[in-house]
Amino acid sequence: MKRFLFLLVASLTLFTGTVHAQRALPRMRSIELRSGMVDGFCTSASTDAGYYFGVAMSRYAKHADKWVFGVEYLSRYYPYKAGRIPMAQFTAEGGYYYKFFADPSHTFLFYVGGSAMTGYETVNWGDKRLYDGATIRNRDRFLYGGAVTLEVDAYLTDRIILSLSGRERCLWGTTTGHFHTQYGIGVKFIIN
């Protein structure tokens, strides 16, 4: 009888609470592959929207906050007569993302972050002459500035995370516009 009571009490204590995996612990790292749209939806009818893709590494700090370091390629087109003029930016970023909300199981985490950015911009891949003989006055330049990001992470498994983000980039040194709005999706893999 004592053995039965012991097993009953032990099983009740084991199965009454929920057990969750340890997620977003300090010093954990993840690699993220990200992609998305820039300044609108990129469709066959739109002539000025663009896209971006990149890779980033995150290192988690206390309270599931994280440091993010990454590189991105952004491509956007500007309409010109019957064609389009391409603009490309190659940027690197480093920033801190603050977790402002999470569910108790840490399945969904909401972040707001700020990043410093630097990079290089090229217009029409450095070619100053257009197909109709016109000359582009915009130059290839180095960029600097920052970005503000709102991000939602959803754990699919303990090591794979789906990330949705919205971001506003503000860069100086550019001749094609200081602000670019990005929204996209990413997949993160916890590496340790």
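Okay, quick one before we start: when I say two residues are in contact, I mean they have heavy atoms within 4.5 Å of each other. And keep in mind that what you're looking at is a predicted model.

Let's begin with two lysines. Lys128 is in the loop that runs between β5 (108-123) and β6 (141-155). If we skip the neighbours within four places in sequence, Lys128 is in contact with Ala134, Thr135, Ile136, Asn138, Arg139 and Asp140. Take Asn138 from that list: Lys128 and Asn138 are 10 residues apart in sequence, and their C-alphas are 8.3 Å apart in space. Lys128 has a relative accessible area of 33%, so we call it partly exposed.

Now the other one, Lys188, which is in strand β8, residues 179-190. Buried or exposed? Buried, because its relative accessible area is 0%, and the cut-off for buried is under 20%. So what do the side chains do around there? Lys188 makes a side-chain polar contact of 3.0 Å with Glu151, and another polar contact of 3.0 Å joins its side chain to that of Asp153. Again leaving out neighbours within four places, the contacts of Lys188 include Ser30, Ile31, Glu32, Lys66 and Arg159.

On to ring pairs. How many aromatic pairs does the count come to? It comes to 8. One of them is Phe53 with Tyr73: the ring centres are 5.3 Å apart and the planes are at 50 degrees, so that pair is tilted. Phe53 lies in strand β2 (residues 50-60) and Tyr73 in strand β3 (residues 66-80), so the pair ties together parts 20 residues apart in sequence. Phe53 is partly exposed at 43% relative accessible area, whereas Tyr73 is buried at 14%.

Then there's Trp67 and Tyr96. Here the ring centres are 4.7 Å apart with the planes at 65 degrees, so this pair is edge-to-face. It links distant parts of the chain, with Trp67 in strand β3 and Tyr96 in strand β4 (residues 83-102), 29 residues apart. Trp67 counts as partly exposed at 43% relative accessibility, and Tyr96 is partly exposed as well, at 31%.

Key
Residues are numbered from 1 along each chain as its sequence is written. This is a predicted model: local features need pLDDT of at least 70, side-chain atom pairs count only at pLDDT 80 or more; totals for chains, interfaces and linings use all residues. Side-chain values use heavy atoms; hydrogens and water are left out. Helices (H or I, at least four residues) and strands (E, at least two) are DSSP runs, numbered from the N terminus. Buried means under 20% relative accessible area, exposed over 50%, partly exposed in between (1.4 Å probe, protein chains only). A polar contact is a pair of N or O atoms within 3.5 Å; within protein, one must be able to donate a hydrogen and the other to accept it, and residues adjacent in sequence count only if both atoms are side-chain atoms. Rings of Phe, Tyr and Trp (its six-membered ring) pair if their centres lie within 6.5 Å; planes under 30 degrees apart count as stacked, over 60 as edge-to-face and the rest as tilted.
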